Amino acid sequence: MNVQPIKFYPQSKALNMRQGLYDSFGRKLNYLRISVTDRCNMRCDYCRPSADAYQAEPRSHILSFEEIARIVNVAASLGVNKVRITGGEPLVRKDLPDLVAQLSAIDGITDLAMTSNATYLAKHATALKGAGLNRINISLDTLNPLRFKKLTGSEIEPVLDGIQAAQAAGFFPIKLNTVLMKGINNDEVVALMDFASAMGATIRFIELMPMKQGLDWDKHYISVEDVLAQDDVQARVDISPMQTGNTVARYLPLKHGKGEVGFIMPMSDRFCEGCNRLRLTADGGLRSCLPEDKHMNLRDVIRRGGCDDDIRAVFMRSALIKPEIGTYVFDADADKRSMIHIGG
Ligand code: SAM
């Protein structure tokens, strides 16, 4: 293995007297998104390259639960208090509630969440709740079983059962995430809002990002602005309070239902200014920006015998290389990693 030695910078700008991890632009980084696997039971085109082009990492490259817990422990010592478990599909990883129990026991972690496609949630929701998981976000791009099968390669029934099981286990509020795709599901926005509203869940619609994927971004990208201009959406959503600003999701009230609906605009209204995130890939890469490929590998640091200060140093260096604004390079898409590889 040819790994550059990691230098520890005890007085680095990244860790300052304000107690926490800061990047070069003064943003406090207190949120770590952890991909626990780069495998998934689904085959969503927007998330992974076509099946033959996608190669999961060998299992030996993937961080063990103990390695993840150690990294989170160090992150917590740097002021990270919010963790989200994601993937791939986190629940294809065996014994995931054991990891949840380890992470929820770490001093300083006050918010432990997971993003899942819910296929296996009916089986694990109660154990996850008991292990200390606070919140669940569930991906749901369509309610049409045939469309769902076409889009994901999977059945919708276990997903709907999983959503119910999560509610029955006491997860509240459940957030549903829908990726907006022109010509694929933008005619279902209102149906999805009504579905979420009827079950007391919050739904958020996310603009499609141009990752390395099996879907033609140019053809299927639709902005939130264009979705809000649809007549059926205007009939259901009060768009008057929509404002721009630096929050991840904007929420608008529903006209004829309970609650509100969220919109996440990573393409048309970037929220980099308020970004507080770092990402840990399943194979140990620490990334400070989703579209930025520059990263350092914590698995290598750990497996060559690095101490906690070495891990801390990687966090601090990662904070310092976080760009002010993440840029999607549209014509170099093919060189990028896919979302399933990075962790969504
Ligand atoms: N398997 C889990 C799931 O389906 O929720 C977690 C991983 S998935 C990569 C996390 C989130 O990333 C999902 O909500 C998914 O819709 C979103 N996502 C994946 N590729 C995307 C893309 N190209 N643009 C926008 N969102 C994307």
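What follows is a set of stops, each with something to select and something to look for. Keep in mind that you are looking at a predicted model.

**Stop 1: helix α1**

Select residues 65–77, which make up helix α1. Now colour the buried residues of α1, which are F65, E67, I68, A69, I71, V72, V74, A75 and A76. What covers them? The cover includes the strands β3 (31–35), β4 (82–86) and β11 (277–280), along with the helices α2 (96–104), α10 (298–303) and α11 (308–320). Step past the end of α1 and you reach G79, where phi is positive, near 100 degrees.

**Stop 2: a lysine over a ring**

Next, show the side chains of K82 and Y31. K82 lies over the face of Y31, at 4.3 Å from the ring centre. There is another view of this kind if you select K129 and F171: here K129 lies over the face of F171, 4.9 Å from the ring centre.

**Stop 3: two loops with positive phi**

Go to D95, in the loop between β4 and α2. Its phi is near 60 degrees, a positive value in a residue other than glycine.

Now jump to A118, in the loop between β5 and α3. A118 is not a glycine either, yet its phi is positive, at about 75 degrees. With a relative accessibility of 0%, A118 counts as buried.

**Stop 4: N117**

Stay in that loop and select N117, which sits between β5 (111–116) and α3 (121–131). N117 counts as buried because its relative accessibility is 6%, and the cut-off for buried is under 20%. Which residues does N117 touch, if you leave aside its neighbours within four places in sequence? They are C40, N41, M42, E89, I138, S139 and V159. Zoom in on N41 in that list: a polar contact of 3.0 Å joins its side chain to the side chain of N117.

**Stop 5: helix α5**

Select residues 157–168 for helix α5. The 12 residues should span 16 Å at 1.5 Å a residue, and the end C-alpha atoms are 17 Å apart, so the two agree. Its buried residues are V159, G162, I163, A165 and A166. Turn the view until you look down the axis of α5: the buried residues fall within an arc of 165 degrees, so they line one face of the helix. On the face turned away from this buried side you'll find the exposed residues Q164 and A168.

What do the buried residues of α5 pack against? Show α3, β6 (135–139), α4 (145–152), β7 (175–180) and α6 (189–199) to see their partners.

Just after α5 comes G170, with a positive phi of about 100 degrees. Move on to P173, in the loop between α5 and β7. The peptide bond leading from F172 to P173 is cis, with omega near -10 degrees.

**Stop 6: aromatic pairs**

Start with F205 and F263, which are stacked, with 5.9 Å from centre to centre and 25 degrees between the planes. This pair links distant parts of the chain: F205 is in strand β8 (residues 202–207) and F263 is in strand β10 (residues 260–264), 58 residues apart. F205 is buried, with a relative accessible area of 0%, and F263 counts as buried at 0% too.

Then select W217 and Y221. They form a stacked pair as well, 4.6 Å centre to centre and with 25 degrees between the planes. Both of these residues are buried.

**Stop 7: R287**

Finish in strand β12 (residues 285–287), where R287 lies. R287 counts as buried because its relative accessibility is 1%. Look at its side chain: it makes a polar contact of 2.8 Å with the side chain of D293, and one of its polar atoms lies 3.1 Å from the backbone oxygen of E292. Not counting residues up to four places away in sequence, R287 touches several residues, among them L278, R279, H295, S318 and R337.

Methods
Residues are numbered from 1 along each chain as its sequence is written. This is a predicted model: local features need pLDDT of at least 70, side-chain atom pairs count only at pLDDT 80 or more; totals for chains, interfaces and linings use all residues. Side-chain values use heavy atoms; hydrogens and water are left out. Rings of Phe, Tyr and Trp (its six-membered ring) pair if their centres lie within 6.5 Å; planes under 30 degrees apart count as stacked, over 60 as edge-to-face and the rest as tilted. Helices (H or I, at least four residues) and strands (E, at least two) are DSSP runs, numbered from the N terminus. Buried means under 20% relative accessible area, exposed over 50%, partly exposed in between (1.4 Å probe, protein chains only). A charge sits over a ring if NZ of Lys or CZ of Arg is within 6 Å of the ring centre and within 35 degrees of the ring normal. A polar contact is a pair of N or O atoms within 3.5 Å; within protein, one must be able to donate a hydrogen and the other to accept it, and residues adjacent in sequence count only if both atoms are side-chain atoms. Contact means heavy atoms within 4.5 Å. The expected span of a helix is 1.5 Å times one less than its number of residues. The arc is that of the directions from the helix axis to the C-beta atoms.
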